[in-house]
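Reader: I'm new to this one. Can you walk me through it?

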Amino acid sequence: MSDLNMQTKLTQILNLKFPIIQAPMFLVSNVAMVSEAMKSGIAGCIPALNYRTLDQLRSAIKALKASKVEGGAFGFNLIVNKSNVKYKGQLEVLCEEGCDFIITSLGSPEATIKQAHAAGIKVFCDVTDLKFAKKVEQLGADAAIAVNNEAGGHRGNLSPQELTNLLSKELSIPVISAGGVGCKADIDRMLSYGAEGVSVGSPFIASVEAGVTDDYKKACVAYGAKDIIMTERISGTPCTVINTPYVQKIGTKTTWIESLLNKNKSLKKWVKMIRFSIGMKATENAAKKATYKTVWVAGPSIEHTTEILPVKMIVSKLTT
């Protein structure tokens, strides 16, 4: 498929010009990025956890509603498991203020789907396998976001072709492929596998509007697919990062004491929570401050990132 100015189930659901979602990225995504995404004819999404308070989240929603244009849409990503103590409050604010869609991650989306649908909000659910995809379909999800093994951050185990083919054949709801998209040819490929749209993250890190350091953006330009590795040192579960000298120094595996404690059922949850907190702080420092402790999350699609560009130019490169 060579013409992306076309109608798919995703463009119909969100009234978009192009079947693309600017993926929610922790610490990276912001109102400026999503506003420009909407003006460019795609959807944009921000992790609700990018906002420390519910009032900040509410202000962001109002700003996005004010900047929304025809052909674009905006949404928020919710972590829906117990690790996110702000979840219920975030969902309440989203339903009160309104947005076009919510993307759920890391837990059962049942409560989110019920509340969001009552408020007229679509719900898309991150999935990495057929079993969970079938479950979210039964719960009433409007689409499944198929997180494959080329995604940045926490990724799935199956290849884009394998996962997208499988889900598109087995599900009646639309499948949105997440991971491995850095250029227009990649989008054409995902659509040929049966996807109704794509979720694109890493190429937007090196955008003018991204709220991260120039060093982080320049790293996405300087490094490529071969420089992306998996680490357990951020959240305790495998996550893709750029293989910087600092990452090489600290290693990619959990420490022996963490491994030991993880085997204790009563302590495992607390170890994961502590590791997640420490890892997220390190990631925040790397994204927001000049620091020698550099942990930059990204996916292999930075292979196609050759310069820092405005969001509208990145969208143009993805669609023409």
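Reader: In which hand does α2 pass α3?

Author: The crossing of α2 and α3 is right-handed. Helices here are DSSP runs (H or I, at least four residues), numbered from the N terminus.

Reader: What should I know about the model itself?

Author: This is a predicted model: local features need pLDDT of at least 70, side-chain atom pairs count only at pLDDT 80 or more, and totals for chains, interfaces and linings use all residues. Residues are numbered from 1 along each chain as its sequence is written, and side-chain values use heavy atoms, with hydrogens and water left out.

Reader: Back to α2 and α3. At what angle do they pack?

Author: About 25°, with the axes 10 Å apart. α2 covers residues 31-39 and α3 covers residues 54-67. Axes are lines fitted to C-alpha atoms over the stretch in contact, and angles run from 0 to 180 degrees between N-to-C directions. The two helices are therefore roughly parallel, a label for angles under 35 degrees.

Reader: Which residues meet there?

Author: V31, V34, S35 and M38 of α2 meet A60, A63, L64 and S67 of α3. Contact means heavy atoms within 4.5 Å. Six of these residues are nonpolar, two are polar and none is charged. Ala, Val, Leu, Ile, Met, Phe, Trp, Tyr, Cys and Pro count as nonpolar, Asp, Glu, Lys and Arg as charged, the others as polar.

Reader: And α6 with α7: how far apart are their axes?

Author: 11 Å, at an angle of about 35°. Their crossing is right-handed. L130, A133 and K134 of α6 touch L166, L167 and E170 of α7. That contact has four nonpolar, no polar and two charged residues.

Reader: New topic. How many aromatic pairs are there?

Author: Three, from a search of the whole structure. Rings of Phe, Tyr and Trp (its six-membered ring) pair if their centres lie within 6.5 Å; planes under 30 degrees apart are stacked, over 60 edge-to-face, the rest tilted. One of the pairs is F74 with F76, edge-to-face, at 6.3 Å centre to centre and 90° between the planes.

Reader: Is F76 buried or exposed?

Author: Buried, because its relative accessibility is 0%. Buried means under 20% relative accessible area, exposed over 50%, partly exposed in between (1.4 Å probe, protein chains only). F74 is buried too, at 2%.

Reader: What about Y216 and W296?

Author: They are stacked, 5.8 Å centre to centre with 15° between the planes. Y216 lies in α9 and W296 in the loop between α12 and α13, so the pair ties together parts 80 residues apart in sequence.

Note on methods
Left-handed = near helix turned anticlockwise from the far one by under 90°. Parallel < 35°, antiparallel > 145°, perpendicular 65-115°, else oblique.
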